[in-house]
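Please have the sequence and the model open while reading.

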Amino acid sequence: MGRGADHTTCRPTAAPTAASSSGRNVVARKTGRKSLGEKPDSVGAAAAVPTDAVKKGDLQAVVYPRRAADIPLYLARASLYLQTLADASLWGMIVAPAFALMRQTHRANAHASGAVKVVGDMLLGIRVRMEGREHFEGVRPAVFICNHQSFLDLYMLGYVFPPDCAIVAKDDLFWAPFIGQYLYLGGNIFIDRQNSKSAIATMKFISQEMQKKKMGVFMFPEGTRSHQTTNDMLPFKKGPFYLAIEGQYPIIPIVVSTYGDVYNTKQLLFRGGDVRVRVLPPVSTEGLTIKDTDKLLEDTRNAMLSTLREISRPVSKL
């Protein structure tokens, strides 16, 4: 297919213990390896919850008691959600050429994510409480980062996606029906994450695009969906922090509370419920050099992790 006017493709190319029968949530701990983040005791009294030997990557996992309506509700809401994403992507593809004529192609992102939000609010049974929206306003360019839990984050973009911003996505997402083509036409940036040798050159290229178009970029620093259910995050990739330092752009962290009990594709749950979102104050990179990347990453992740645990329900109550 033809290229969108402002689209960019970057190619520089132990044995289990007995599970609880009390109906409470079950926390599974991975044995033999150190858990990410803080000790389990610090995560909402997780240590007091019965344990089982279910594993989830490098993160702990909560097993939610099954309800009779869970699977039918999951199938119904998941179908509605997929249809909503397809419709919103088509809408984004329609409005993108109009914005391209005004040299503002990336503004199609706000329209598409807003469409997902409007329809999703009516159909998915999710209530989102937003805090700190005032931090979206201000200087561009800027680097916006957010924790990444699941496929539901595409709906969350309707709340957390800032104006005048493009998405930095992995290149294989281009082939996702509707969504990939909308991202292409919407002037978003695809990167080849497998080519680590070109990472620095890629970030420099994105920085130039940000300066030229006076826009922000939105990135998930975990690099993939964590599917976490215990108020934790995966390790962060260095790319967003290198990009921010390279251009001396502020970093604006966004934290979405743990919602494994609201939506959990691994356990076929789509119950709906309450989710909190908090936008943190901008983190300045003025005067920092590439040598400061690791410290900037660590400090920012710690602030986001602390916020995640503050705005999320304790693990024992999820």
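**Basis and confidence**

This is a predicted model, in which local features need pLDDT of at least 70, side-chain atom pairs count only at pLDDT 80 or more, and totals for chains, interfaces and linings use all residues. Residues are numbered from 1 along each chain as its sequence is written, and side-chain values use heavy atoms, with hydrogens and water left out.

pLDDT is the predictor's confidence in each residue, on a scale from 0 to 100. Its average over the chain is 79, and 77% of the residues score at least 70. Helices (H or I, at least four residues) and strands (E, at least two) are DSSP runs, numbered from the N terminus. Confidence is lowest in strand S3 (residues 51-52), with a mean of 35, and highest in helix H7 (residues 293-311), at 98. Over residues 1-57 pLDDT stays under 50, and for this stretch the model has 131 contacts beyond four places in sequence. A contact means heavy atoms within 4.5 Å.

**Aromatic rings**

A pair of aromatic rings is described by the distance of the centres and the angle of the planes. Here, rings of Phe, Tyr and Trp (its six-membered ring) pair if their centres lie within 6.5 Å; planes under 30 degrees apart count as stacked, over 60 as edge-to-face and the rest as tilted. By this rule there are eight aromatic pairs. Two of them are set out in the table.

| Pair | Centre distance | Plane angle | Class |
|---|---|---|---|
| Phe161 and Phe218 | 5.6 Å | 45 degrees | tilted |
| Tyr263 and Phe270 | 4.8 Å | 75 degrees | edge-to-face |

The Phe161 and Phe218 pair links distant parts of the chain, 57 residues apart. Phe161 is in the loop between helix H3 (153-160) and strand S7 (165-170), while Phe218 is in strand S9 (residues 216-219). Buried means under 20% relative accessible area, exposed over 50%, and partly exposed in between (1.4 Å probe, protein chains only). Phe161 counts as buried at 9%, and Phe218 is buried at 1%.

Tyr263 and Phe270 are buried too.

What lies over the face of Phe236? Arg301 does, at 5.8 Å from the ring centre. The rule for a charge over a ring is that NZ of Lys or CZ of Arg is within 6 Å of the ring centre and within 35 degrees of the ring normal.

**Nonpolar cores**

A nonpolar core is a set of buried Ala, Val, Leu, Ile, Met, Phe, Trp, Tyr and Cys residues joined through side-chain atoms within 4.5 Å. The largest one has 41 residues, and those with the most contacts inside it are Ile126, Leu152, Tyr155, Met156, Phe218, Ile254 and Phe270. Beyond its neighbours within four places in sequence, Ile126 touches residues including Leu152, Tyr155, Met156 and Phe270. Another core, apart from that one, has 29 residues, among them Ile206, Val217, Phe241 and Ile245.

**Helix H6 and strand S10**

Helix H6 (residues 239-247) is mostly covered, with seven of its nine residues buried. The buried residues of H6 include Phe241 and Ile245. Gln248 is in the loop between H6 and strand S10 (251-256).

Strand S10 is largely enclosed by the rest of the structure, because six of its six residues are buried. On one side are Ile251, Pro253 and Val255, on the other Ile252, Ile254 and Val256, and both faces are covered. S10 runs parallel to S6, with four bridges between them, and antiparallel to strand S13 (residues 273-279), with three bridges. Two strands pair if DSSP finds at least two bridges between them. In these pairings, Ile145 has Pro253 of S10 as its bridge partner, and Ile254 stands opposite Val279 in S13.

**Backbone angles**

Most residues other than glycine have a negative phi, and most peptide bonds are trans. Gln248, not a glycine, has a positive phi of about 60 degrees and is partly exposed at 36% relative accessible area. Asp164 has a positive phi near 55 degrees. Asp164 lies in the loop between H3 and S7 and is partly exposed at 26%.

Which peptide bond is cis? The bond from Arg140 to Pro141 is cis, with omega near 10 degrees. Pro141 sits in the loop between strand S5 (126-131) and strand S6 (143-146).
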